[in-house]
Amino acid sequence: MVEALIKAKTEEERLLEFLRSIFLLIAMVGFVFYGMEHWILDHWTESWQSKIPFFVSLVGFPLTLLMFFHRGKWVRYPFLLWMLVSVLTGILGAYYHLVWNAQDAEVSLWNLAGFLEAFKGSRPVLAALAHTHVGAVAFVVGITIRD
């Protein structure tokens, strides 16, 4: 990203590389923030699955940082794969938060009142979707880079 921004010849290329860099920075800060949040909030239960978001952030940060300095296939393809893992982690996390909230409230997710009750439960559904947001933003940056 940095090299492409410096080597951009036209105003449009500079703007495109600047926007890619900003979106990549947003993703990188997101991985740092969410990883620290999981660690500080002690987002661990007895199950190993509760540690997955932390490890997704732990791997996502260096891959995103590496994308600032290298754009080759050997960096971009693992980066793109990991961003899809981040998106999937967020979607599954939101689903499980909803299911567990519904179990706690003893409601069904298959009607509107039960869904809304589960959505307002103790486990934040939208917080889990943050991984989806970060992964999707970074994925779009990765697929818009040409070889």
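Is R123 buried, exposed or partly exposed? R123 is partly exposed, with a relative accessible area of 27%; buried means under 20% relative accessible area, exposed over 50%, and partly exposed in between, computed with a 1.4 Å probe and protein chains only. The structure is a predicted model, in which local features need pLDDT of at least 70 and side-chain atom pairs count only at pLDDT 80 or more, whereas totals for chains, interfaces and linings use all residues. Residues are numbered from 1 along each chain as its sequence is written, and side-chain values use heavy atoms, with hydrogens and water left out.

The chain contains six helices and zero strands, where helices (H or I, at least four residues) and strands (E, at least two) are DSSP runs numbered from the N terminus. Along the sequence, the pattern reads α-α-α-α-α-α. The C-alpha trace spans about 60 × 30 × 20 Å along its principal axes. Of the 147 residues in the chain, 37% are buried. From G90 to V59 the separation is 31 residues in sequence and 15 Å in space, C-alpha to C-alpha.

The salt bridges come next. A salt bridge is a side-chain nitrogen of Lys or Arg within 4 Å of a carboxyl oxygen of Asp or Glu, and by this rule the count comes to four. R123 takes part in one of them, its side chain meeting that of D104 at 2.6 Å, N to O. Because R123 lies in the loop between α5 (112-119) and α6 while D104 lies in helix α4, the pair ties together parts that are 19 residues apart in sequence.

Helix α2 supplies two further pairs. The side chains of E11 and R14 form a salt bridge at 3.3 Å, N to O. E11 and R14 are three residues apart in helix α2, so about one helical turn separates them. E11 is exposed, with a relative accessible area of 54%, and R14 is partly exposed at 34%. R20 and E17 also meet through their side chains, at 2.6 Å, N to O. This pair, too, is three residues apart in helix α2, and therefore R20 and E17 are separated by about one helical turn. Both R20 and E17 are buried. E17 and R20 are linked with R71 in a network of salt bridges.

On a 1 Å grid over the protein atoms alone, a pocket is an open set of points where a 1.4 Å probe fits, with protein on both sides within 12 Å along at least five of seven lines, and lining residues have an atom within 4 Å of a point. The second largest pocket holds about 350 Å³ of space, a volume being the space filled by probe spheres set on the grid points, which are joined across faces, edges and corners. Its lining has 16 residues, of which A4, E17, R20, R71 and R146 lie nearest its centre. The elements that give two or more residues to this lining are α1 (2-7) and α2, with α2 giving the most, four residues. The lining divides into seven nonpolar residues, one polar and eight charged; Ala, Val, Leu, Ile, Met, Phe, Trp, Tyr, Cys and Pro count as nonpolar, Asp, Glu, Lys and Arg as charged, and the others, Gly among them, as polar.

The largest pocket contains about 710 Å³ of space. It is lined by 27 residues, and the closest to its centre are H43, S50, P53, H97 and W100. Two or more residues each come from α2, α3 (52-67), α4 (73-105) and α6 (125-143). Helix α4 gives the most to this lining, with nine residues. By class, the lining comprises 13 nonpolar, eleven polar and three charged residues.

L5, L15, F18, L19, I22, F23, L25, I26 and V29 make a nonpolar surface patch of about 740 Å². Such a patch is made of residues with over 30% relative accessible area and no salt bridge, with nonpolar side chains (Val, Leu, Ile, Met, Phe, Trp, Tyr) joined within 5 Å and, for charged patches, like charges within 9 Å; accessible areas come from the Shrake-Rupley method with a 1.4 Å probe, and for residues only the protein chains shown count as cover. Helix α2 (residues 11-40) gives the most to the patch, with eight residues. L15 is located in this helix.
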